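Open the structure in your viewer and keep the sequence panel beside it. Each stop below says what to select and what is found there.

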Amino acid sequence: MSPTGMSKSTSIPFSSAQRLVFTFLLALLIMVASVLSSDTAMPTQNMSHKERTELREEARDMFYHAYRAYMENAYPADELMPLSCKGRYRGVTPSRGDMDDILGNFSMTLVDTLDTLVLLGDFTEFEHAVKLVIRDVQFDSDIIVSVFETNIRMVGGLLSAHILSEYLQKQVDVMHWYKGELLEMARELGYRLLPAFNTSTGIPHARVNLRNGMKDPMLKKSRETCTACAGTILLEFAALSRLTGDPIFEVRAHAAMDALWKLRHRGSDLMGTVLNVHSGDWVRRDSGVGAGIDSYYEYLFKSYVLLGDDKYLARFNRHYNAVMKYVSEGPMLLDVLMHRPHAKSRNFMDSLLAFWPGLQVLSGDLKPAVQTHEMLYQVMQMHKLIPEAFTVDFQIHWGQHHLRPEFIESTYFLYRATGDHHYLQVGKRALKTLQQYAKVSCGYAAVNDVRTGKHEDRMDSFVLSETFKYLFLLFSEPQDLIINVDEFVFTTEAHLLPLSIAQLGNATFSFRQSDEHNVLDFMRTCPSSNKLFPEKVRKPLRNFITGSCPRTSSGKRLSALDFQASNADHLRAVYDMGITMVSVGDRSQGKAKSHEEGEMGLQFMQEMLELTKIQSMNQLAQLQAVAYATDEKLQDWTALMAGPSHFSPELIGEQFVEGDVILANPLRACGEKLNQVEDGADDARGKVLVAERGDCTFVSKARLAQKAGAVALIVCDNVPGSSGETQPMFAMSGDGTDDVLIPVVFMYNVEFNKLAAVMKRREHPLRVRIMQMVEFKRWQLAKEGRQNGTTASAQKPDREL
């Protein structure tokens, strides 16, 4: 018996008063939207009941097309490979490097998908699937897995399926044989994750071995994790504790959240994205709402909703106010530095931030949710699918599309809150786009590049557990569903946890006795604007991306650092200062509107000159060179530009590496071994290896090249026509583990084609030197000076790394 007097398999009462917290919030938002719409015409054409029903059934068919492809061709593997039409197994299928940490050979896609079957009303298949999981899934494997992914996909999937199994026993009179087996499996898996929490801070390691805990030799150097990885545990672990009566899971998850809260920047209230689990020091101080930090914010708010602990609401509000102050730029959300929040840390946004409007809806801030969602919708219309990352001028930064659910999730919550049929039309477009660009004969395939439409051999489990689930819910009426979803909290993986869990005992405490928070932390509630109806908010943003609609000035002086030539407001502002942007040969002149504007214009131009100098020097200092001799006597050299990496040694001054260039085999360097020859020798040893971008992470390629004995790695872009002449310098990022000891550089497609052409022409292997571009230029200038009769030295650099 548990401390609450209930056995570990006791069903949860669904009449709990706790559910009113969540249902009242949604009801209030729907009421506000309805009242405000009474005097406002809704221009979006209402979707007929017939069309909505047809789309709901199409979403159902999409789910079953993918589900059956997995069950018939991949089960019991963790994932379906839709192009190969076979399963992806850890240790059997060629490795993708760190990407495979989500895999544990525990039938992840089926476990992740169980509760979707219940929402679809397919109780027969749900019962069959539960029996398969109980019979086939086991966790005693010598495999290193991601704590974060295993928790949200596996623990969350098992708990949700357990809860719904007991619900169906009572409500539908089925599954009488079920005795809580899924809950016991969740408990076992929870215990296998607990060793990761044995750190000096209480913040869990990013990875753990399912059989050996943290004793695995591969984990000895483990010390870094992301904020979202450590902060997306509490919902599942609290539910696990309250269902089993074992408090250890909830205690550890609360401790991790408390430790993270203490690490916020006290001046800005922002969080970084990567930290050291032992010291608590920040490794990456970028702060935003996308990758690496996203679901931390989500779990702060949802922990308050599910558990009723006010401290999480106060913490969420503090962070939320900071995000809206520093990160939010109108509808855009741009990363800043947590310790210097007025400084932007990157010029692109990643697609994971698409969850943010949905969270804003749940927390009661509807207007900015509508704005950011509209911006994302325009990005989708511009590129057909939302790319994995896009720049501030909405160009593609990373072209992949992994069929992620976040945009559809936010669309669903905006429709639930407003009743605006615009969001049904958005959902329809998203559904049809997936059908057109992602559907293949064996499921749905991720898109490797939205520009080319080329597919990737992956179908993540979240496609079934989230993407199709939210599409189905969007087009469903409440009476279509077996359960009332307003009585549940959706986890970050869209698993259902009932609000009545709070009744099963609360191991948390009230912080109101401490001075950590004040009453102001609880006062950001529903919006006060009386102009919330979504169409009024969307209308000024209708042409946001094209820049053709007028926008109001902020009244703030435009600095050179913030200036963007593609921004119509910025062009208008510099024109008012008397500065005209002209093409070469244009001699027209601008005239300042006033003396004050003229002074601002002079200041702007001075800043621009200084900024240009600084940026040129900084970029040149980071730029790498792949140099080679153009003649047999090694007298004349040329160099192709390459970008650096953040995870490999930096070549400084006269340092360089030299070696013959060979292509990796396999070309993308994502297998277990590279360039093996028949006698067992490794022909990559002492060579500069070239690998193509794709299939696994940059750092995974580097580790494999290093293991094969290569002295350096050149990663070439897989996007045809990309060039360093027309695109910004690309710096590869790692995973926080500093174990790469060879230099790694990135070459765009055009530059690599030049190198490949030279390699093809040479009878003997081409020998290259990788060095700083600025050092190569210095050597060239010195050489030219010597040829012109000066005394400058022109010797080649000779300090090998």
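## Stop 1

Select Cys670: it has a relative accessibility of 11%, so it counts as buried, the cut-off being under 20%. The model you are looking at is predicted. Cys670 and Cys696 form a disulfide, with 2.0 Å between their sulfur atoms. This pair links distant parts of the chain, 26 residues apart: Cys670 sits in the loop between strand 24 (655–663) and strand 25 (688–692), and Cys696 in the loop between strand 25 and helix 20 (698–707). Look along the S-S bond of Cys670 and Cys696: the angle about the bond is -85 degrees, and the link is left-handed.

## Stop 2: the other disulfides

How many disulfides does a search of the whole structure find? The search finds 3.

Select Cys85 and Cys442, whose sulfur atoms are 2.2 Å apart in a disulfide. Cys85 is in the loop between strand 1 (79–81) and strand 2 (86–88), while Cys442 is in the loop between strand 16 (439–440) and strand 17 (443–444), so the pair ties together parts that are 357 residues apart in sequence. The link of Cys85 and Cys442 is right-handed, with 75 degrees about the S-S bond.

Next, select Cys226 and Cys229, joined by a disulfide with an S to S distance of 2.1 Å. Both cysteines, Cys226 and Cys229, are buried. Their link is right-handed, with 90 degrees about the S-S bond.

If the bonded cysteines are numbered in sequence order, the pairing reads 1-4, 2-3, 5-6.

## Stop 3: helix 4

Select residues 123–136, which make up helix 4. At 1.5 Å a residue, its 14 residues should span 20 Å, and the end C-alpha atoms are 20 Å apart, which agrees. Which residues of helix 4 are buried? They are Phe123, Phe126, Ala129, Val130, Leu132 and Val133. Show what covers them: this includes helix 2 (49–73), helix 3 (108–119), helix 5 (147–171) and helix 6 (181–193).

## Stop 4: Gly288

Select Gly288, in the loop between strand 8 (286–287) and helix 10 (294–307). Is Gly288 buried or exposed? Gly288 is buried, at 1% relative accessible area. Leaving aside neighbours within four places in sequence, Gly288 is in contact with Ile293, Tyr297, Val327 and Asp335. Finally, draw a C-alpha to C-alpha distance from Gly288 to Gly272: they are 8.1 Å apart in space and 16 residues apart in sequence.

Key: Residues numbered from 1 in each chain as written. Predicted model: local features only at pLDDT ≥ 70, side-chain atom pairs only at ≥ 80, totals over all residues. Heavy atoms only, no water. Helix = DSSP H or I, 4+ residues; strand = E, 2+ residues; numbered from the N terminus. Expected span 1.5 Å × (residues − 1). Buried < 20%, exposed > 50% of the residue type's maximum accessible area, 1.4 Å probe, protein only. Contact = heavy atoms within 4.5 Å. Disulfide = S-S within 2.5 Å.
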